[in-house]
2 protein chains.
Amino acid sequence: MPADETTQRPSPLTERQEARRRRILHASAQLASRGGFDAVQMREVAESSQVALGTLYRYFPSKVHLLVATMQDQLEHMHGTLRKKPPSGERPAERVAETLMRAFRALQREPHLADAMVRALTFADRSVSPEVDQVSRQTTAIILDAMGLTDPTPEQLSAVRVIEHTWHSALITWLSGRASIAQVRIDIETVCRLIDVTDPRRPSG
Amino acid sequence: MPADETTQRPSPLTERQEARRRRILHASAQLASRGGFDAVQMREVAESSQVALGTLYRYFPSKVHLLVATMQDQLEHMHGTLRKKPPSGERPAERVAETLMRAFRALQREPHLADAMVRALTFADRSVSPEVDQVSRQTTAIILDAMGLTDPTPEQLSAVRVIEHTWHSALITWLSGRASIAQVRIDIETVCRLIDVTDPRRPSG
DNA sequence: CGCTAATCTAGAACAAGTTTCAGACTTGAT
DNA sequence: ATCAAGTCTGAAACTTGTTCTAGATTAGCG
């Protein structure tokens with residue numbers, strides 16, 4: 001597969017560039033933690049990461065790109081954390097619900113950061129598709145991990161996609177104050193039933 | 001229930017005010033149809049609806065408010081259209097999937113308008129909660145209509161919420177070019193299986 | 001009709017995302 | 001060490017959402 005402009009691998013960064021990138025992502029997460037999406041102001045990110053505004057834009061071509069990259073960063077971290085303590089439920093549906101609720105609790109500890117990342121993710125337009133896709137793949141991996149599957153059927157993949165849809169949208173309703181934590185939990189548990197329905201070992205699946 | 005500031009009924013508008021409001025919503029939908037969220041620029045909306053910018057902001061306190069109101073408007077219209085030709089499937093799950101696919105086809109005819117409305121809806125923050133809630137209630141009504149239910153159980157309501165989550169999020173993935181029309185259809189059909197699972201007439205529900 | 005409060009208009013001003021540019025600094029190759 | 005190409009900086013400019021102001025218009029009322 002030839003590398004087109006949306007797939008090309010980033011040319012390797014020098015040490016200083018890598019350091020700049022990390023400073024930027026750190027500043028972004030820090031500002032987001034304080035006041036959510038609106039508090040991440042590009043001039044402030046540039047200033048607190050000691051980088052010129054133009055440079056910030058060279059690394060991340062828009063605020064949404066920056067916040068989606070911040071999310072990638074946090075997700076990787078979370079996937080690592082989740083791996084250490086695998087979910088304890090017996091049935092796959094239980095394990096997935098447990099995993100998502102654990103992630104949800106982590107987000108509740110930094111609601112502003114969650115706000116910034118999730119809003120950026122759903123507001124992203126086509127120019128951010130590759131990055132958003134990457135986040136989606138990572139999320140899929142987390143869910144499949146929890147299910148204990150390495151070789152899902154197309155039906156199961158569809159169920160996983162629906163779970164991801166529900167996860168994102170439920171987060172948004174919670175973040176905008178239209179749903180309680182309890183309601184998010186119920187919705188997650190409800191959608192996880194699809195895992196049972198699409199389990200090929202089930203007779204009626 | 002006392003009317004607080006978020007619930008208070010709007011004082012009745014004069015005829016000219018009603019006309020202004022309609023002109024604004026019309027201009028908003030028109031610009032959105034051309035170029036989506038970005039093409040709805042407040043100065044342009046004001047100009048093409050022959051209203052001063054300040055007046056536009058008096059009617060709709062932000063661009064997101066305006067677009068969510070535009071969505072309310074379109075949804076009402078769609079609910080009316082859908083009522084005329086009720087879905088033909090036998091099982092509730094089929095009828096809901098059919099209804100949503102019909103709505104989806106309508107959106108495909110105006111993808112830019114869909115983009116503007118859906119992006120506004122998911123980007124809306126707490127200040128728009130009442131309006132977004134209204135849209136959500138309207139969507140719930142459409143789905144319950146299709147199910148043929150007037151008295152849903154809490155479990156069924158949860159399934160409906162999950163269907164709405166999937167609907168919004170699947171639309172977003174389609175609008176941002178990350179999912180095909182076929183994939184949206186599959187996701188809708190998949191999530192609609194929850195209707196069977198939560199049907200109280202089923203033994204294992 | 002004539003008054004008062006509310007509403008509307010035009011336009012300036014402000015805020016934050018984004019772009020641009022000239023000049024200084026790094027990097028990599030020779 | 002030196003040169004060319006690429007990168008970074010600081011600052012200004014531009015765009016679009018939002019706010020503000022002063023004056024004109026309108027609506028409701030006696």
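Analyst: Start with the contacts of A:Ala120. Beyond its neighbours within four places in sequence, A:Ala120 is in contact with A:Phe37, A:Val64, A:Leu67 and A:Val68. This is a predicted model. A:Ala120 and A:Leu67 lie 53 residues apart in sequence, yet their C-alpha atoms are 6.1 Å apart in space.

A:Ala120 sits in helix α6 of chain A, residues 111–123. Its relative accessible area is 0%. Buried means under 20%, so A:Ala120 is buried.

Now the helix in chain B. Helix α6 of chain B has 13 residues, 111–123. At 1.5 Å a residue, that helix should span 18 Å. Its end C-alpha atoms are 18 Å apart, which agrees. Of the 13 residues of α6(B), 11 are buried, so the helix is largely enclosed by the rest of the structure. Among them are B:Leu113, B:Ala114, B:Asp115, B:Ala116 and B:Met117. B:Val118, B:Arg119, B:Ala120, B:Leu121, B:Thr122 and B:Phe123 are buried as well.

Next, the two chains. Chain A superposes on chain B by a rotation of 180° with 0.0 Å of shift along its axis, at an RMSD of 0.1 Å. The two copies are thus related as by a two-fold rotation axis. In chain A, the C-alpha nearest that axis belongs to A:Thr166, 2.7 Å from it.

Note on methods: Residues numbered from 1 in each chain as written. Chains lettered and ligands numbered in written order. Predicted model: local features only at pLDDT ≥ 70, side-chain atom pairs only at ≥ 80, totals over all residues. Heavy atoms only, no water. Helix = DSSP H or I, 4+ residues; strand = E, 2+ residues; numbered from the N terminus. Buried < 20%, exposed > 50% of the residue type's maximum accessible area, 1.4 Å probe, protein only. Contact = heavy atoms within 4.5 Å. Least-squares fit on C-alpha atoms with pLDDT ≥ 70 in both. Expected span 1.5 Å × (residues − 1).
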